[in-house]
Amino acid sequence: SRQGRSMPSFVSATFFALAACPAAGVRVSRPAMAHVRASSVPQSRRDAVRGAALAAAAALVGASAPAFAEKSKGYMTMDEYNKLKAREAKDQRLYGQFEALRTRASQTSEFNKLAESGDFSKLSELSRGWEATIRKELLEAAAKELEGEAKQKGQDINKLVLADLKGIDKLAKAGAGDEVPAASASLRQHVLDFVALEPQRLQDTFGVGDL
């Protein structure tokens with residue numbers, strides 16, 4: 001039939017069109033082209049069409065595979081997404097710890113008030129409360145999440161804060177109220193020194209206000 005006679009010519013034309021369009025990123029090898037020419041005049045048109053189609057497929061796959069391999073995947077896997085969300089949650093928690101410490105630093109004046117009023121029992125309780133919660137649950141926990149030089153500095157400051165709190169407790173038990181303001185000032189400065197170690201990425205993401 002007329003349709004049957006036109007099929008080999010159509011396949012041949014397709015190959016020549018591909019070969020003539022290097023901008024499309026497809027190259028057809030000479031063996032493939034020769035196969036098309038030879039298959040255009042066989043004893044069976046069906047064999048010719050099938051052979052040309054196989055040659056075309058081979059040429060397209062050979063030309064396209066490297067291009068696809070070089071491109072990035074352009075999407076995020078579920079594992080990558082979960083890791084990203086976990087990092088965001090950790091950063092948000094760490095930011096909250098730094099903000100809480102920033103607030104607590106301004107509350108160290110409470111030690112002075114108790115010392116001035118002579119309420120040394122509550123002063124001792126406050127220093128021990130700070131040691132168990134603010135220092136251990138906020139400062140020490142945040143120090144563990146820091147990296148590199150900041151982590152070492154954070155751990156050193158944690159020890160200084162612990163010494164400050166133990167010193168205030170001793171002053172409270174000794175009834176030395178006059179020495180408490182200097183001790184609380186040291187505590188406040190050490191807490192602020194730790195807050196200054198806040199990672200830049202937290203400041204960029206959440207924003208940090210001044211005291």
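Helix H5, which spans residues 109-117, packs against helix H6, which spans residues 120-145, at an angle of about 160°, and the two axes lie 8 Å apart. Because angles over 145 degrees count as roughly antiparallel, H5 is roughly antiparallel to H6. The crossing by which H5 passes H6 is left-handed. On the H5 side the contact is made by Glu110, Phe111, Leu114 and Ala115, while H6 contributes Phe120, Lys122, Leu123, Leu126, Ser127 and Trp130. Sorted by class, the residues of this contact comprise 7 nonpolar, 1 polar and 2 charged.

These descriptions refer to a predicted model, in which the protein chain has 9 helices and 0 strands. Read from the N terminus, its elements follow the order α-α-α-α-α-α-α-α-α.

H5 also packs against helix H8, residues 180-195, where the axes come within 9 Å and cross at roughly 170°.

| Helix pair | Angle between axes | Distance between axes |
|---|---|---|
| H5 and H6 | about 160° | 8 Å |
| H5 and H8 | roughly 170° | within 9 Å |

Helix H6 also holds serine 124. Is this residue, serine 124, buried or exposed? Its relative accessible area is 7%, and because buried means under 20% relative accessible area, serine 124 is buried. Leaving aside residues up to four places away in sequence, serine 124 touches Asp169, Ala172 and Lys173.

For the protein chain as a whole, buried residues make up 32% of the 211 residues. The chain exposes about 13,400 Å², of which carbon and sulfur atoms supply 54%. Among contacts with a separation of 6 or more, residues 24 or more positions apart account for 71%.

Key
Residues numbered from 1 in each chain as written. Predicted model: local features only at pLDDT ≥ 70, side-chain atom pairs only at ≥ 80, totals over all residues. Heavy atoms only, no water. Helix = DSSP H or I, 4+ residues; strand = E, 2+ residues; numbered from the N terminus. Buried < 20%, exposed > 50% of the residue type's maximum accessible area, 1.4 Å probe, protein only. Contact = heavy atoms within 4.5 Å. Areas by Shrake-Rupley, 256 points an atom, 1.4 Å probe, with all protein chains shown as cover. Axes fitted to C-alpha atoms, helices over the stretch in contact; angles between N-to-C directions. Parallel < 35°, antiparallel > 145°, perpendicular 65-115°, else oblique. Left-handed = near helix turned anticlockwise from the far one by under 90°. Nonpolar A, V, L, I, M, F, W, Y, C, P; charged D, E, K, R; others polar.
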